[in-house]
Amino acid sequence: MPKRKQSDEIVQTGLVEDELPNPALKKLKSTNGKGKSKLVDPPQYGVRSTSLWKVGAHVSAAGGVENAIINAAAIGANSFALFVKSQRKWTSAPLSETTISNFKARLIEHSYDPRHILPHGSYLINLGNPDAEKRKKSYDCFLDDLKRCESLGLLLYNFHPGSTVGEATTDESISLIAGCINEAHSATQTVVTVLENMAGAGNIIGGDFNHLAKIIEKVDDKTRVGVCLDTCHMFAAGYDLRTKEGWENIVTDFDEQVGLSYLRGMHLNDSKTDYNSKKDRHENIGIGHIGIQGFHHILNDVRFQNIPLILETPSFEKPEVWAAEIAALDGLSGTNAGLDKLGPVVDGVREVVKKASGGAGASSKTKPKKGTGQEGNGEEGQEKIKTRGFRI
Ligand SMILES: [Zn+2]
Ligand SMILES: [Zn+2]
């Protein structure tokens with residue numbers, strides 16, 4: 001089992017308490033004795049595993065993208081995802097020079113490698129929309145996101161391929177998506193556009209690996225396109241990762257259709273709904289229909305090392321939930337633990353979830369509270385935004 005390294009250095013963050021991004025960190029605030037805000041010192045950052053499997057979470061960027069780094073470090077994440085602007089609006093104010101320099105400085109301070117950071121695109125974007133005007137609006141938002149990534153020194157950008165909205169064939173939408181990617185590549189320099197596999201509902205593109213392969217085939221610069229595999233989505237779309245054999249078949253299928261060299265990241269989510277449901281409902285690790293074995297396969301498969309493995313599970317706005325899930329997954333990675341060792345891991349996660357959700361966790365009725373940051377990061381919020389953005 002990889003040793004969990006105790007952090008022995010105290011890091012000055014320059015973070016003042018007014019900017020504190022989450023409740024756990026608020027507990028750490030201090031004053032200088034005159035009732036005035038002071039630097040947080042020392043911050044209680046989570047212990048980071050030395051595992052080669054880079055587990056993290058989609059953390060909040062409330063108050064500025066630079067805060068995402070603090071939030072990731074606080075939960076012991078070795079990778080993270082963030083929105084580079086509000087995921088609910090088409091446009092946002094440009095990133096300030098201060099934000100950009102703080103972001104870059106904090107990445108170095110907390111030793112995050114840009115290869116392990118997977119920004120997530122706005123849910124409003126649909127590059128497959130046959131309506132030219134609506135597609136242009138999506139494209140502008142997409143291009144703006146890519147430019148933000150480049151200015152922050154980020155290498156990857158993950159997004160949902162799109163939907164036919166019932167007004168085009170799958171192949172027509174696939175061509176439109178690839179066309180937008182090519183255009184965006186010529187308008188930017190380095191950022192890699194990372195297509196996400198989807199749950200396979202209605203008109204959504206990306207439920208089948210073949211959709212992703214067809215998009216990539218039409219992209220001119222193959223060095224700037226990749227794939228992010230979401231476990232909940234693949235399970236819902238009919239890829240069964242519960243057994244070792246099932247997992248091996250999925251990887252073989254992906255390699256044959258798309259190519260493992262395109263894999264740039266994963267979203268680790270359990271599923272509230274059963275196999276092949278075509279529904280996109282994330283559950284905490286080990287307590288959904290996939291179960292802990294599915295994740296155990298990934299965390300013992302060397303082909304999945306050194307890429308961001310991002311949790312998008314319900315956190316109930318409590319950082320200890322993701323911290324517990326990360327620690328549980330880090331504990332499994334590279335161990336090839338017997339299946340008998342997995343039960344206690346799940347019990348641990350279930351316990352934390354139950355507490356964080358006020359006893360309502362680990363049930364299919366669990367939903368993040370409305371009007372909270374969790375709405376955006378969590379799956380339920382994603383569903384809401386998605387249906388508002390375009391017809392499924
Ligand atoms: Zn996504
Ligand atoms: Zn999802």
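In strand S2, the bridge partner of Ala57 is Phe80, where strands, like helices, are DSSP runs numbered from the N terminus (E and at least two residues for strands, H or I and at least four residues for helices). The model is predicted, with local features requiring pLDDT of at least 70 and side-chain atom pairs counting only at pLDDT 80 or more, while totals for chains, interfaces and linings use all residues. Residues are numbered from 1 along each chain as its sequence is written, and chains are lettered from A and ligands numbered from 1 in the order in which they are written.

The protein holds 13 helices and eleven strands. Of its 392 residues, 51% count as buried, a residue being buried if 20 or more other C-beta atoms lie within 10 Å of its own, exposed if 12 or fewer do, and partly exposed in between, with C-beta atoms placed from the backbone. Among contacts between residues at least 6 apart in sequence, 76% join residues at least 24 apart, a contact meaning that the C-beta atoms, placed from the backbone, lie within 7 Å.

The bridge between Ala57 and Phe80 belongs to an open sheet of seven strands, ordered S2-S1-S11-S8-S7-S5-S3 with parallel pairing; two strands pair if DSSP finds at least two bridges between them. S2 and S3 are the edge strands, each pairing on one side only, and the twist from one strand to the next averages 30 degrees. Strands of a sheet pair through backbone hydrogen bonds, either parallel or antiparallel.

Strand S1 (residues 54-58) is mostly covered, since five of its five residues are buried. With S2 (residues 79-81) it pairs in the parallel sense over three bridges, and Gly56 stands opposite Ser79 in S2. Four bridges join S1 to S11 (residues 308-311), again in parallel, with Ala57 opposite Leu311 in S11. Helix H10 (residues 319-332) lies across S1, S8 (263-268) and S11, running at about 160 degrees to S1; such angles run from 0 to 180 degrees between N-to-C directions, and the axes are lines fitted to C-alpha atoms, for helices over the stretch in contact.

The loop between S5 and S6 (204-205) contains Ala199, which is buried, with 24 other C-beta atoms within 10 Å. Although Ala199 and Lys278 are 79 residues apart along the chain, their C-alpha atoms are separated by 5.1 Å. Not counting residues up to four places away in sequence, Ala199 touches Gly207, His233, Ala236, Ala237, Lys278, Lys279 and Asp280.

Two packed helices are described by the angle between their axes and the distance between the axes. The axes of H5 (residues 170-187) and H6 (residues 209-218) come within 9 Å and cross at roughly 45 degrees, and the two helices are therefore oblique to each other, given that angles under 35 degrees count as roughly parallel, over 145 as roughly antiparallel, 65 to 115 as roughly perpendicular and the rest as oblique. Thr170, Ile174, Ser175, Ile177 and Ala178 in H5 meet His211, Lys214, Ile215 and Lys218 in H6.

Conventions: Two residues are in contact if their C-beta atoms, placed from the backbone, lie within 7 Å.
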